[in-house]
Structures are given as C-alpha cells and as structure tokens.
Amino acid sequence: MNSVFVYCEIEGKTVKDVSLELLTKGRKLANTLGVQLECVCAGSGLDGIENQVMKYGVDRVHVFDAPGLFPYTSNPHTAILVNLFKEEDPQICLMGADVVGRDLGPRVSSALFSGLTADCTELEIGEFDMNVGFDENMKPITKHYENKLYQIRPAFGGNIVATIVNPEHRPQMATVREGVMKKEVLDENYKGEVIRHDVAKYVPETEYVVRVLDRHVEKAKHNLKGASIIVSGGYGMGSKENFDMLFDLAKEIHAEVGASRAAVDAGFADHDRQIGQTGVTVRPKVYIACGISGQIQHIAGMQESGIIISINNDPNAPINTIADYVINGTVEEVIPKMIKYYKKNSK
Amino acid sequence: MALKIIVLAKQVPDTRNVGPDAMTPEGTVNRAALPAVFNPDDLNALEQALRLKEQFPGSTVSVVTMGLPKSAEVIREALYRGADAGYVITDRCLGGADTLATSYTISQAIKKIGGFDIILGGRQAIDGDTAQVGPQVAEKLGLTQVTYAEEILNLDPEAKKVVIKRHIDGGVETVEAPLPLVVTVNGSAAPCRPRNAKRVMKYKNATAPAERKPEQAEAIAAAIAAKPYLNITQWGAADIDADMKQVGKTGSPTNVKTVKNIVFKAKESKTLTSSDADVEGLIVELLNDKIIG
C-alpha cells in the first residue's frame, strides 16, 4: 500500500537499463516518502529475474510469468498493472518513456483515471496548493497537499519547463526516457520479497488479442550513451552531405555521432541518433555541437556534458551560453580544420 | 467490403519553427506568433486511411478534431486531400483539458459517429509530444491498439483482422490485431498525398458553424442547402452526451503547478574564430589536457 512502483520493461530475459535507472530514482523517492519501493516484472521465463532488480533497493518484486507476456502486447500488460494497482493502491508509478512505456502508460492511466506525464526530465517530491474555488468574498480557496510528485518536463516545443502535479488521483504516473536518470546499485545483498502471481487471475484469456507475427530487434548501431566524446550536428549542418563530415571527424577522434531533432527531421541523421528530451540523454566528457542552435529540448539531453564546444556561425545561438568553447564560424570551414589539426598534433 | 474509417487530427502551433517573436517581452510563449498547422504525424495517419479507402471501394474517411473553432482548418485540409467528412468538437467547457479529458471527449464523439472499423491517428502531437491520446481513446472505447505503426500491410474485413508493421525500440515487429482497432501512425510512415485541385475547389467554402460570421449566415445557409457537404459538423459537449465531470479542466487529473521559461545560466566561455591558429590552438589544448586522445 502507498508504495512507489516501477514497471520493469524486459527484453527477452533482461531488464532494460531505463527500468534500472527508474528503480534508482524510485528508491530515492520512496526514501523521501518513507514508503517501500516495488516493481513489476512481466514476461516469459523469468526465473531469477529478481536478481537483476533487487540490488537497486526493491522491497517487493511482483513477478508475472506466462507464455503470452513476451513479446509485449498492450492489453495483457495493461490488465496486470490495472488489477495489481487496484489491490496495491500505489501512490506513484514510473515507467520508461520508450515504445512500451508510451503504449502502456496512457492505457493504464485511462483505465484508473489517474494523471500521467510523459517524458519527465526531473522528478521531485513537494507540496502543492490547488485553487478549488472562491469563497463568498471572492477570495480563492486553496487546498493544500503534501508529498506530491512533481513531474517536471520541457513543454511547448521545449520553450518552457512545466511542473505537473496530479494531487487527487492515484497512482501519480510519469514516464522518463532512457539515460535521464542514473542507475546505481544500492546494495548487492539487498533483501526484498519476491511475489509470483497467478497470471490468469490478473489477465483473462480474452485479453490476448494481438499476435506478434514477426519481430526483429537489432543491437544498437552505436553507443551514444556510453561514448566519452560525442560530435553532434544540427539543422545548421545544411545537408546530409555536410552532416556526413561529422562521421569523418568522429572516426578520427574516436567519438560517436549524435544529432538534434531538427537534423533528424530534415533527414540528415537516423532517428536513433537523436539527442534531447525526446531522444537519448548523454553525459560525455566532450560534446561538440555543430550547427546546433540549442533549443531546450536538445539542451535537456546534453547539458551535463563535461566540456561543451559549440561551432556555429550565429554568435547568438542559445547553445553558446552553455558552451565552454564557442567557435564562431561555419561548419564547412571548421570541421575539416579540426580533422586536419587533430591528425597533425595527435601523433 | 466498404470500411468506415475515422482519423483523429489536431491543429497544433508549429513549435518546429519557433521564430524570435515566439516569446513575449514578459517571457511567456506568444502563441499568436506561431502558425497553426496540421499535426505532422496525423497527416501520416490520414495517408494510411486514404490508402485503405482506395483499396476498399465505398469506404469513407471521417476526420475528428477537437479544439478552437478555427481547428476546422484541419478538416478542410483533410477534405482537400481525400477525406469525406469532418467533425469539429468545440466548446468552451472543453478548454484546459489534459490528455485524459481530451481522450474522453474524443471517444464520446467517436461513439456518436459509431459503426467504425478502424481509427487512425498520429503517434503524437508536436505541441506536447505525449503520445497519450491514441492509447487513451482506445482504452475508453474498450478497443485494443497498435501504436508506432509504420504501415498497414493487410486488412481482411471478413475475418476482421489487420496486419500492421510497427516500430519498436531497436527494431520492427509485425502484429496481427482484431478490428475494430485504434492505430497510431509514426511520422516516418509514408507522407500524406498533396491536396487535390478539384477537391480544393469543391471544399474551399466548407465551414463549421462556429467559424461563420453572422453577416454571412444567410448566404452560407443557401450554399449549404444546395451543397450539404459545405457544412462541417460541429459538436459541443452536449451533442456527444459528455459527462461534465470528465471534460475540460474538471476532467483532468493533471495540474500545471508552475511554468518556467528557460533561462540558461551562462558559463564562462572562450570565444574563438574559425582561423587556423584558433582551431589548432583548441585541438592542442584538448590533447594536452588529455580531454581527447
């Protein structure tokens, strides 16, 4: 009762990083609130799955193990969470803001009539005063709430940051992208309880309505999250050909290539290279932003980089304000020079 | 076999093209400076709908939108591209809705239209990027959903089944789902066909009642009497039997506590030119400090 819950997304038999990151965050929120951290693991062949999650400080692991639960489909996983939450009445539920979490979260929130905030970049606990009307003197009447979840996210194309609260409905739900929170093992020997549920009690046969006929998951072509140097291009790269210069620079300095949303939308780079609120969040040692103006959407995904170098022909580009080095110049001019002088000096 | 297809569309501020006047001097978002556009992913959904219509002669595509009276613009745009009818849901009491209240309202309108085989919408809208309305509408209608769809591969109206290719994290999957169904379509799916000149001529004077100026009323009534397709159906909360507790601000569990404009704390930064000396100097500095290796 009253716990913080994390829905653990499982690919095959492996809990995804985004879920482990949320367990770390969930543990902190649970500590602040003085409640337990619980998680849901639903899939097929999950013997020993608790060993992957318990060490992040999980007090109760709810295991739902049945053949139809992997690959993920919407209805059975929704039924699990909805029926479990009706019994457990958690105050908070977190899930990854990826394809599964963004398919599942809204369905669960609709069924439970609870609020859901997508793609949060920060989660905090705090108090909230809500205006609930006016008294006879037209003075606002406020209702005070304590220990509510602040769901903080950039909004409106990233021009503002909004703090969302859903004070009267449970659970308070939020999705968070991979890489936004940091995963940290709390205690290798953390002892929690494992509860193996009878899946049929939660999921009627009639919920298995979608059949997965075919499925291909490839290992990521790149390792943006783990890269220590990232060369990233924006709309200012001008063309796909110009963008490809970044791969030359990256190869030379052993970096990975990222992109802003505008560059992805323009077709300069693949969608999976997108850095920012709706892409990957990265924390490299060095981030070289090439022709990126620096909308908050993008900055939300890279501002914790060690050293930020901005190459931009607009001296007033917003990204320059958070850069350690600003090179005023065109990418066509600067990038070949960087390659040239790296080759010359690194040997 | 003819299908009854519903497309969900939203008029959104074009946040992709935020100009310098997008912020007011007080630092708030100047919505008036942002052009209103057809939400991009919804156009991809419309294209999938129009393809089904071609494949199954006699099918109809109806577009549903909720918003201000001027959101009838997206209905006209859809009519120009091949849709058959449109519904604008607009009412003062629907304002301030979060995704849940929006989904409830839209699902009530869909129930009123009734008899549908498939509902298509964009994966997400660019003003919120939440991707929540599609799945929530599905849940409210008691239907299942296929999100992140790339393409409808095969629809079998007799067996009431559809096969869809969809995007998943790091890959693709092909699923078979029962009809009726809610599908949300990715922006990377096939782009929407352009306007058709004949259809533009036919529908350019189509309006929803809330758009019409009083002095035009008579002329428009006469035009609609002759050409009923010039009337875009407009519904308020009462028309769709909405429970007032579930619409607008009242029906929204989420509350905005604060909204902050972004102010970056400027770092002390070194500004360089693109000269050879400056670029080489930076590279040498980074190498010497073992920041790059």
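**Notes on strand pairing and the A/B contact**

1. One pair to look at is A:Q151, whose bridge partner in β10(A) is A:I164. Keep in mind that this is a predicted model.

2. Those strands belong to an open sheet of 4 strands, ordered β8(A)-β9(A)-β10(A)-β12(B), with antiparallel pairing. The edges are β8 (122-134) of chain A and β12 (255-261) of chain B; each has a single partner strand, so one side of each has no neighbour in the sheet. From one strand to the next, the twist averages 35°.

3. There's a helix on this sheet too. Helix α1 (residues 17-33) of chain A lies across β8 and β9 of chain A, and α1 runs at about 55° to β8(A).

4. Now the contact between the chains: chain A puts in 76 residues and chain B 67 residues. On the side of chain B that touches chain A, at least two residues each come from α3 (99-113), α4 (133-141), β7 (145-156), β8 (161-168), β9 (171-178), β12, β13 (270-273) and α7 (276-288). β9(B) gives the largest share of that side, 8 residues.

5. Which residue of β9(B) does A:R215 stand opposite? That would be B:E173.

Methods
Residues are numbered from 1 along each chain as its sequence is written. Chains are lettered from A and ligands numbered from 1 in the order in which they are written. This is a predicted model: local features need pLDDT of at least 70, side-chain atom pairs count only at pLDDT 80 or more; totals for chains, interfaces and linings use all residues. Two strands pair if DSSP finds at least two bridges between them. Axes are lines fitted to C-alpha atoms, for helices over the stretch in contact, and angles run from 0 to 180 degrees between N-to-C directions. Two residues are in contact if their C-beta atoms, placed from the backbone, lie within 7 Å.
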